[in-house]
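I opened this entry to look up a few side chains and strands and to note what surrounds them. The notes follow in the order in which I checked them.

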Amino acid sequence: MVVKRLMRMFGVGGPSVRTELKVSRAQPGGKLSGTVEVTGGDHQVSIGYIALALVTDVGVQGGLLGDQSTGEISRQKVVESFTLAARERRIFDITCDVPLETPLTRAFGQPIAGMNVGLRTELEVARAVDRTDLDPVEIEPMPAQQHILDALSKLGFQFVKAHMEKGRLRGLPQTLPFYQEIEFLPGTAYAAQLRNLEVTFVATDRKLHVVMELDRKVGPLADRDIFGRFTVDPATIADTDWRGLLKDWLTQSTARKGPLF
């Protein structure tokens, strides 16, 4: 998939930049790649750097990237300083790492409504930085995440939506000041006991940490949140009956009067 964006920067007569992503879909831990083309304006300028920032909406469901709710996932300088002559054109090959905590924008083969992740190209000229060039990218589950999502689907849970929350999850190796919650509605087997289930992934280079929050019905007008935490080894995830493990946990969670964890 190729994404192109042309942006005139720093007003009329200033340099322009075009970002072309040849790889605009990746998994957490993967890479995006393409080119950045910078064209000089009416006069010579000194470019301080070109950087790529991976960003997402935080705390606003259905928001638009670029507003005050934008959260930065990562930032990478991809080109150091250079001089750009008037009307000169320079093309740079660029690669952007996708951190393991990058939120998903696709699940079960379809886009997640309200979830946005974008790659922002930043050009610094005379200590002024233009941050308006933004290209949408797609983030799909990595195999371990997909395995857990499939296990929930096989248990009858129906994927609904996802959103980003500000904050940190206690006791987890989270590095970003926000996290993604992926929401499911219960199937017929759990509809009488649960209102919904939310899943959060926090991945490291060795483990995938999975947090599940159950909104359990305890009365006509009362609910109780129950949390479960699981640690997944991506290398051996296929050797574990996650459907059976989650089924057992759900059975215990819906039967008990208090939280399990």
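I began with serine 253, whose side chain reaches the backbone oxygen of tryptophan 249 at 2.7 Å. The model is a predicted one. I placed serine 253 in helix H2, which covers residues 242-255.

Next I looked up leucine 250. Setting aside neighbours within four places in sequence, I listed its contacts as Leu155, Phe157, Tyr190, Leu194, Leu197 and Leu214. I then turned to the largest nonpolar core, which has 63 residues. Which of its residues touch the most other members? I noted Ile50, Phe157, Phe184, Val210, Met212 and Leu250. I also recorded a second, separate core of five residues, among them Leu169, Leu172, Val202 and Val211.

I moved on to strand S11, residues 117-125. How many of its nine residues are buried? I counted nine of the nine, so I described S11 as largely enclosed by the rest of the structure. I sorted the residues of S11 by direction: Val117, Leu119, Thr121, Leu123 and Val125 point one way, while Gly118, Arg120, Glu122 and Glu124 point the other way. I marked both sets as buried.

Last, I checked the pairing of S11 with strand S5, residues 45-57. The two strands run antiparallel and are joined by nine bridges. Opposite leucine 119 in S11 I found leucine 54.

Note on methods. Residues are numbered from 1 along each chain as its sequence is written. This is a predicted model: local features need pLDDT of at least 70, side-chain atom pairs count only at pLDDT 80 or more; totals for chains, interfaces and linings use all residues. Side-chain values use heavy atoms; hydrogens and water are left out. Helices (H or I, at least four residues) and strands (E, at least two) are DSSP runs, numbered from the N terminus. A polar contact is a pair of N or O atoms within 3.5 Å; within protein, one must be able to donate a hydrogen and the other to accept it, and residues adjacent in sequence count only if both atoms are side-chain atoms. Buried means under 20% relative accessible area, exposed over 50%, partly exposed in between (1.4 Å probe, protein chains only). Two strands pair if DSSP finds at least two bridges between them. A nonpolar core is a set of buried Ala, Val, Leu, Ile, Met, Phe, Trp, Tyr and Cys residues joined through side-chain atoms within 4.5 Å. Contact means heavy atoms within 4.5 Å.
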